[in-house]
Amino acid sequence: MRLERCAERIQKGDKQLGLYDDAGVASDRLGNHLDAVAWMEKKKALLPSLERSSNEQRDHWYRYYANCGTFWAHEWFSKGHKWEQVGQLRKAIAMITKAIEINPNAHFGREFAQLAVLQWAEEVSNPATKEHLALGDFMGARNPEANKKKMVTGLAGLVRLGAGWESVDLFTALCTVQAESENSIAQLAKDRAMELILAGKKSLDPNVKDQQKMLEDDSSLIMLHEPSKGFVKYEFERLRHQAEAWHNRRTAFMMERLNAGRHPDWDTSFWDGWDDGPPLEVRDQFQSLNSLRTMWTWLGGLAVAGLIVGFVLIRHFRARPQVAKV
């Protein structure tokens, strides 16, 4: 619906450059990555008419390079990320590099991580490369000036704003990077990576034969006691259930309106009546563990008290005079 609307407005002579971005992203989401590139090239043809020193033009040039580079990367990945077509990936790397030069801090630092992922993908796909680093280690080696926070922010940005939420490599990298400081978060990332592996998702690295072993090797720095691991696993499943329920409810709300011909691009009342509901309840690990300890302490105390009372009652009834049976 968005693509049809943008194409119609452009055909009628609408000069808003954002329409080309929307049409490109819509085509990309529909799996038509080369059509998405074509929309961005149409936008590029209009860009020189803008004042080069203006912030508006800088933003549109940034969007051109960031979007077009992303679309070329998606085309390469969608066709099996083969080395024979690596030219598409190299186009993507060159364009994302240019986008970062224009706006280094866009999208919460996502482009920094996106570029590292693309460079890593090029390296591991090269049949001449015999040994290479896992993604998390690669990012640190290529960007020694990047602190852990920047790396985590960039990786999380790919999950939040892109297709990274289904990437074994991204969550494994998050696990590796976080293991040195936030073990609970590292374990959470590991649990998500394992969930993806069990669902059939695979690493981009063609040399990885055993997905689960790769995950165990890259997450070996996690230092958590078994009770803490159990807590994180329980919280992961609990929060995933809440998130799925929220997602399904929101999808049903949208589809009812979309099927009626309504769309948020032109219907200002589209979201009327929607309630996000309460936020996910992310509980503090140690507070919860202390609560569990308190509960078990009380249960243990009750058990001991029960044994004492039982012992006293038994002694009492044994000491009573026996009554002859009739």
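Student: How are H6 and H8 placed relative to each other, roughly parallel or roughly perpendicular?
Tutor: This is a predicted model, in which local features need pLDDT of at least 70, side-chain atom pairs count only at pLDDT 80 or more, and totals for chains, interfaces and linings use all residues. Residues are numbered from 1 along each chain as its sequence is written, and side-chain values use heavy atoms, without hydrogens and water. Helix H6 (residues 110–125) and helix H8 (residues 148–161) pack with axes 7 Å apart, at an angle of about 85°. Because angles of 65 to 115 degrees count as such, H6 and H8 are roughly perpendicular.

Student: How many residues of the contact of H6 with H8 are nonpolar?
Tutor: Three residues of this contact are polar and two are charged. Nonpolar covers Ala, Val, Leu, Ile, Met, Phe, Trp, Tyr, Cys and Pro, and the nonpolar residues here number seven.

Student: How many helices does the chain have?
Tutor: A helix is a DSSP run (H or I) of at least four residues, and a strand (E) one of at least two. The chain has zero strands, and its helices number 13.

Student: What share of the 326 residues in the chain is buried?
Tutor: Buried means under 20% relative accessible area with a 1.4 Å probe. Of the 326 residues, the buried share is 38%.

Student: What pLDDT does the chain average?
Tutor: The pLDDT is the predictor's confidence in each residue, from 0 to 100. A score of at least 70 is reached by 79% of the residues. The chain average is 82.

Methods: Axes fitted to C-alpha atoms, helices over the stretch in contact; angles between N-to-C directions. Parallel < 35°, antiparallel > 145°, perpendicular 65-115°, else oblique. Buried < 20%, exposed > 50% of the residue type's maximum accessible area, 1.4 Å probe, protein only.
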